[in-house]
Amino acid sequence: MPAVTVENPLTLPRVVADADAVQRPVLAVTTAPSGFEGEGFPVRRAFAGINYQHLDPFIMMDQMGEVEYAAGEPKGTPWHPHRGFETVTYIIDGTFIHQDSNGGGGTITNGDTQWMTAGSGLLHIETPPESLVMSGGLFHGLQLWVNLPAKDKMKDPRYQDIRGGQVKLLTTGDGGALLRVIAGDFDGHEGPGITHTPITMIHASVRPGAEVTLPWREEYNGLAYVLAGRGTVGTDRRPVRTGQTAVFGAGSALTLRADESQDAHTPDLEVVLLGGRPLREPMAHYGPFVMNTRAELQQAFEDFQAGRLGTVPAVHGM
């Protein structure tokens with residue numbers, strides 16, 4: 001980890017917060033509980049225990065793995081429906097195959113992202129390739145759910161295939177961090193992911209001992225999830241480690257620092273930074289459907305049961 005990197009970050013455009021930027025305080029640090037998803041792959045529930053007012057427009061995020069599978073062990077998900085939001089699957093190590101009933105799909109691996117707008121509804125499946133099932137191997141990724149505003153919940157589904165080489169690479173003033181902008185605008189630099197809901201998604205690798213202060217849009221919320229490593233967040237240096245989420249308050253900049261000593265397995269502090277403009281709309285969420293009212297949830301279930309969200313193709317790539 002990670003797959004997308006550069007030998008010398010100082011060759012990249014640099015991002016520096018203004019000297020008079022208002023630092024965001026750290027409101028909370030939470031620890032993700034572990035569980036299983038789909039056919040049994042291990043996940044950490046990154047947003048468990050965080051009040052939705054601090055998450056909006058994000059709904060949930062799972063860290064999938066990091067796990068070293070033996071031959072025959074890799075698992076995926078069965079066919080299942082979605083309506084009313086977007087799923088973002090970011091693969092750091094390993095390979096996943098996606099297919100949906102709208103004709104979207106493909107193979108993502110080592111820094112690739114699939115961005116699926118469920119919109120009015122579809123069925124989809126995520127599976128490891130047969131070669132990974134046969135041989136085993138490392139698997140590590142994230143799946144993020146992003147809410148859609150009421151006006152977009154019934155839009156036609158859309159699939160975006162974002163290759164790792166497409167992400168916008170940036171660094172900090174001293175080159176102490178590599179910033180991969182996956183989606184949204186970050187200090188005037190655009191990531192490749194096209195979003196209905198205004199958000200920013202960044203994967204940051206912070207070198208041991210480096211401190212990073214980044215500009216952050218004041219109208220966005222601010223979340224930092226630690227994929228791996230140890231460090232601190234905020235100017236008061238609240239400790240964080242693998243599997244923890246920091247929730248930031250209001251302001252125009254946020255600060256991260258990597259501990260001087262990291263594990264040999266994890267040379268840098270690896271963090272996913274998320275910010276979005278809150279929708280501030282009613283949310284009715286149950287299982288694979290995220291709507292605005294209970295009546296809309298009921299309609300989603302009825303449409304799924306009636307086959308109006310699509311049908312499973314007779315043959316799918318495995």
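What share of the contacts in the chain with a separation of 6 or more comes from residues 24 or more positions apart? In this predicted model, such pairs account for 74% of those contacts. Let's walk through the rest of the fold with that in mind.

The secondary structure of the chain comes to three helices and 27 strands. Its radius of gyration is 19 Å, close to the 20 Å that the globule rule gives for 318 residues, so the chain is as compact as a globular protein of that length. Along the principal axes, the C-alpha atoms fill a box of roughly 55 × 45 × 35 Å. Of the 318 residues, 57% count as buried, and carbon and sulfur atoms hold 50% of an accessible surface of about 13000 Å².

Now turn to helix H3, which runs over residues 294-305. From first C-alpha to last, its 12 residues reach 17 Å, close to the 16 Å expected at 1.5 Å a residue. The buried residues of H3 are Leu297, Ala300 and Asp303. They sit on the same side of H3 because they cover an arc of only 125° around the axis. Strands S26 (284-286) and S27 (289-291) are among what covers them. The face turned away from that buried side carries the exposed residues Arg294, Ala295 and Gln305. Just after H3, Gly307 takes a positive phi of about 80°.

For a last stop, find Ile194 in the loop between strand S17 (189-190) and strand S18 (199-206). Leaving aside residues up to four places away in sequence, Ile194 touches Glu86, Trp115, Arg158 and Gln160. Ser131, 63 residues from Ile194 in sequence, lies 31 Å from it in space, C-alpha to C-alpha.

Key. Residues are numbered from 1 along each chain as its sequence is written. This is a predicted model: local features need pLDDT of at least 70, side-chain atom pairs count only at pLDDT 80 or more; totals for chains, interfaces and linings use all residues. Side-chain values use heavy atoms; hydrogens and water are left out. Helices (H or I, at least four residues) and strands (E, at least two) are DSSP runs, numbered from the N terminus. The expected span of a helix is 1.5 Å times one less than its number of residues. Buried means under 20% relative accessible area, exposed over 50%, partly exposed in between (1.4 Å probe, protein chains only). The arc is that of the directions from the helix axis to the C-beta atoms. Contact means heavy atoms within 4.5 Å. The radius of gyration is taken over C-alpha atoms; the globule rule is 2.2 Å times the number of residues to the power 0.38. Accessible areas come from the Shrake-Rupley method with a 1.4 Å probe; for residues, only the protein chains shown count as cover.
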